[in-house]
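Thanks for coming, everyone. Let me put the structure up, and then I'll walk through it piece by piece.

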Amino acid sequence: MTEPLLQVENLQVAFSTRHGTVTALHGIDIALARGETLGIVGESGSGKSVTSLAVMRLLDRAGRITGGRVLFDGRDITHAGHADLRRLRGSALSMIFQNPRAALNPIRTVEHQIIDVLAAHGRLSRASARTQALELLRAVLIRDPEARLKAYPHELSGGMCQRVMIAMAIACEPALLIADEPTTGLDVTTQQTVMELLARIKAERGMAMILITHDLGLAARWCDRIAVMEAGRVVEHGPTETLFEAPKHPYTRRLVAASPTRQSTLADLAPDAPPVRVRAVERRPPGTPPLLELVNVVKSFGGPVPAVDDVSFRLPVGGALGLVGESGSGKTTLSRLVCRLLDPDDGDIVFDGESIARIPAREFHRSRQRRDIQIVFQDPNDSLNPRHTAFDSIAHPLRRLEGMRDGAALDTRVREAASRAGLPMDLLHRFPHQLSGGQKARVGIARAVAPRPRLMILDEPTAALDVSVQAVILQLLDRLRREDGIGLLFVSHDLNVVRMLCDDLVVLQVGKVMEAGPSQEIFRHPQAEYTRTLLEAVPYFDPQRRATLLSSTAA
Amino acid sequence: MSDIAISRSSTGRHIVYVLRSNPVTAVAAVGALVLAFVALFAPVLVPYDPVASNVPNALQPPSAAHWAGTDQLGRDIFSRILAATRLDLMIAFSAVSISFALGAVIGGFCGYRGGGLDRWVGRFVDVLMAFPLFVLAMALVAALGNRVENIIIATAVINLPFYIRFARAEVNVRRNAGWVEAARACGDSHLSVVLRVLLPNILPAMAVQISLNLGWAILNAAGLSFIGLGVRPPTPEWGIMVAEGARFITTGKWWLVALPGLALMLTVLCFNLLGDGLRDILDPRMRT
C-alpha cells in the first residue's frame, strides 16, 4: 500500500479555560489515502471540528496540540512555522466552512475574493487571474458565471455562496479538502446539489476529502470510509457499508438508531423512552369546529410576490399538521400569522370557532387566546433571553399571562412544565449559555407548555439539534399531543420528520399550497412535482443508498 | 427558595472571580468604595471646618497639622478636598442617571420601532452632537441660572445624545432575536418588550458607558466651576479650588492647585477603570 496522504497519529488537543485545561481530543488516529473520502461523524462536542482545525493548524489561541503528530504527504506539519503553513493552506490543504455567507467578505466582490486566493499562492497577471476565476466559477457550475464575478456575497443565495467558497477552496488545486458541515443551513434540494458538486470536483481532480457532518445519511451517501467520534475519541472506524450495516460500538449503534430512515417511526428512534400513555382523546362528534382554520390567508411584505398567498387549511382538535417547504416558502410567515405576532393582509384565522385575525397583533397579548396559542422557536440558542435563568424563562408566560407572582404556586407550575418537557429540576437556575442545545430546546418547550396552551406552533424545533436529541424531542412533542391533547402545527423543511409526527401535511412553495393531505399518502404517492423533488432530496439515512455519481462525472 | 440561594451565592462568587482575574478592576472598586465612604462621612471625617477662614495662617505648605496645606484664606485644603467629594459625586451621579434613564428609554424605543420617530430623533441627536459640548453646557448654565441643579441639567443634556445613540444601536441589533419574539408570545406588549426584555439585556454594555461618563461628568462640573459657572465660593468644589489656586501657582504655591487636581484626576481614573469590570459582573454570559 502506498503512503497515505494524511496521517494523524495519536493527536491530542487541549484548551485552556476558566476552569483549567480541558482536553478536547484524547489521541486521534486517522489515515487518508489520495482521492479517498473520509466521513467524520459525531454529535456536537465530539471534537470533529477541533480535529479538522488541528490538522489545518487553525486552532484559536486557547487551544494547542499537546501530543501526537500530523503527517501530510509524509511530512510532519505538527510544528510547522507560519510561513510553511501559509504555503500549505490553500495549495495543499483547503477547507470549506459551515456558514458560507459568514465566511465570505461582505464588501468584496466574488472576483476579488477568488483572485486574492490565487494571488496569495503565486504570481499571476490580472488578466490571467480573472480568466482563472471565471473558470473556477464554471467548475462549480454556478449559473451565469460572468455576472456572478461582479456580485457581492449578499446578492447570492446560500447555495451560491457555498459554490463560491468551494471555488475558492479548490483554486490552488489542493490535494486535500476538508468540508466542515458544508450543507448545514442550506435547503434540502440545495444540499443535494452542493454535495453532488463536491463529489464531482473531488473525482475530477483526484482530491481527497474529509467530510465532517452530524448527518449519518449524508455521510453514508458520499463517503468511502467513516470515523465515528464521541467525546474526543474515534470510537469506531471502517468502510461505510460494514460500519453502518453492523455497528459495533454502542455509541454508533445509538446514532444509527436515532437517524430517521424512510420507514422509521418515532418509537424506533429512541427505543428506551417510556411508552406514551395515550389519554382517551375526547372524540368530538363530527361537525364540531376544528381547533384552527385558515381561510384564504394572504400576507405580503411588499415584494413582487406575496410571502403567503391564499393559504387555507384546518387542524382538528388534538391533531398534528405539518407545514413543509424550503426557505422562502412562507412557512415561517404562516407560523407567525397563526401565532398572531403578524397581521394578515387578507383572509381569516379561526381559532376554536372564533375569528382571531381581526385582533391586531400588537393588541393580541391582551386577548384570552394568547395563552391558548404558544410557539416553540427554531433555534433554541436564539430564543431564550440571555439574562433569564431557565426558571425565569419558563415563568415568563405565567407571570405575564396569568399574573402569577413569585411563590409556591408559580414554583409548582414551573416545575410541572419543566417535568412535562423532561427538563431536570437542577438545571432550572442555570442561564441559557450554561445549557446544552438539547436542554435549551427543552426550556423552550417547557415555556410554551407552561400556560397550558391548546395549540402549539413548532417552528423547526429540532433543526439545530443532534439526531439523538432530535429523536427524544420529537417523542416528547408527540407525547404532549397524545397525553395532553395539545394541537401541533409543525413547521419544517424535513418531510421525513414531519411524516413521523403529523397526520396531515401541507406542502408550500413560494407562499402557495402545492399539495395537502394525509402525510402517509403524500409520502407514498406525491402528486405535485415539487413534492417529489423535496422527497428525493430529503437526507434520510439509508446505509445502502450510495451516491450514483459515476454516471454524471462525464458531463 | 433554594434556587434563589444558589443564584445569589454564585453571583457573589462571580464578582470575586471577576475582581481576582482583573486586579485593575479590584483596585478601581476599592477606590470607588473609598470615594463613596468619603462622600457619605465627609462632615465627620474633616479635621477642620472646610469654610472657616483663618487669614493669619494663609498659604501654608503641607505640614503635619495641615496635610495638604492651607489656601489664601487659611482654610485647610485637605478638609476642603474631602468636603468637595460629596458635591462633585452628587452632580456626576445625578447627571449621568438622568441621561442614562432618558437615553436608554428614548434610544430603546427608536431602535425597536425604527421608522419616522427614529429618523427624527436621530437628526435631533446629530444636531445636538454638532455643538461643541462644553460650550453648550456653558450656554445652558448661563441661560438657566447659576445653580447646582442647572449644572446637573446641563451635564445631563450634553451626555444624552451618546446614550440615545448607544441604546438605539444595541437594541437595534437585538430586536429581531428569537427571544424578543418569544417574549411577545409570552404575553409582553411592545412596551414591555422594550422596557423589561431589551433594556436589561443592553445593561452590561451600557455599564461601560456609564462608568466612563461618570468621570467625564465630574470633569465637566469642575470645568464649569473653574470658569465661574455653577458652584460659587466659598462652597468647596474641586474645580473652584483649582481655579482659585491658579493665581498662586506662579509664586510656587503648588499645593493649592495640585492636590485638588490630584483628587479630581484619581476619581476620574477610578471610574474609567471600573467600566470593564462592571460589564463582566453584570453580564450573565461571562459566568461559565
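This is a predicted model: local features need pLDDT of at least 70, side-chain atom pairs count only at pLDDT 80 or more; totals for chains, interfaces and linings use all residues.

**A walk through the two chains**

Let's start at the end of a helix.

Now the helix itself. α8(B) covers residues 190-226, which is 37 residues. Straight, at 1.5 Å a residue, a helix of that length would span 54 Å. Here the end C-alpha atoms of α8(B) are only 46 Å apart. Where is the kink in α8(B) centred? On Pro204(B), with an angle of about 55°.

Next, α7 of chain B, residues 178-185. Of its 8 residues, 7 are buried, so the rest of the structure largely encloses this helix. The buried set is Trp179(B), Val180(B), Glu181(B), Ala182(B), Ala183(B), Arg184(B) and Ala185(B). Note that Glu181(B) and Arg184(B) are in that set. What do these buried residues pack against? Within chain B, α6 (148-174) and α8. From chain A, β16 (373-376) and α14 (390-401). After α7(B) comes Gly187(B), with a positive phi near 105°.

That brings us to the contact between the chains. Chain A puts in 28 residues and chain B puts in 23. On the chain A side, the elements giving two or more residues are β16 and α14. α14(A) gives the most, with 5 residues. By type, the chain A side splits into 11 nonpolar, 9 polar and 8 charged residues.

Staying in chain A, on to the domains. The assignment gives domain 1 as 282-372 plus 453-515, and domain 2 as 381-452. Their C-alpha centres lie 23 Å apart. In the contact between them, 11 residues of domain 1 meet 14 residues of domain 2. On the domain 1 side, helix α17 (residues 467-484) of chain A supplies the largest share, 4 residues. That side holds 9 nonpolar residues, no polar ones and 2 charged ones.

α5 of chain A runs over residues 126-139, 14 residues in total. At 1.5 Å a residue it should span 20 Å, and its end C-alpha atoms are 20 Å apart, which agrees. Which residues of α5(A) are buried? Ala129(A), Ala133(A), Leu136(A) and Leu137(A). Looking down the axis of α5(A), the buried residues fall within an arc of 95°, so they line one face of the helix. They pack against α4 (110-120), α6 (145-149) and α7 (158-169) of chain A. On the other side of α5(A), the exposed residues are Ala127(A), Ser128(A), Thr131(A), Glu135(A) and Arg138(A). Leu141(A) follows the helix, and its phi is positive, near 55°.

Why does Met500(A) count as buried? Because 21 other C-beta atoms lie within 10 Å, and the cut-off for buried is 20 or more. Ser264(A) is 236 residues away along the chain, yet the C-alpha atoms of Met500(A) and Ser264(A) are separated by 7.8 Å. Leaving aside neighbours within four places in sequence, Met500(A) is in contact with Pro260(A), Thr265(A), Leu266(A) and Leu474(A).

That's the tour. Over to you for questions.

Definitions and conventions
Residues are numbered from 1 along each chain as its sequence is written. Chains are lettered from A and ligands numbered from 1 in the order in which they are written. The expected span of a helix is 1.5 Å times one less than its number of residues. The bend at a residue is the angle between axes fitted to the seven residues ending there and the seven starting there. Domain bounds come from an automatic or database domain assignment. Two residues are in contact if their C-beta atoms, placed from the backbone, lie within 7 Å. Ala, Val, Leu, Ile, Met, Phe, Trp, Tyr, Cys and Pro count as nonpolar, Asp, Glu, Lys and Arg as charged, and the others, Gly among them, as polar. A residue is buried if 20 or more other C-beta atoms lie within 10 Å of its own, exposed if 12 or fewer, and partly exposed in between; C-beta atoms are placed from the backbone. The arc is that of the directions from the helix axis to the C-beta atoms.
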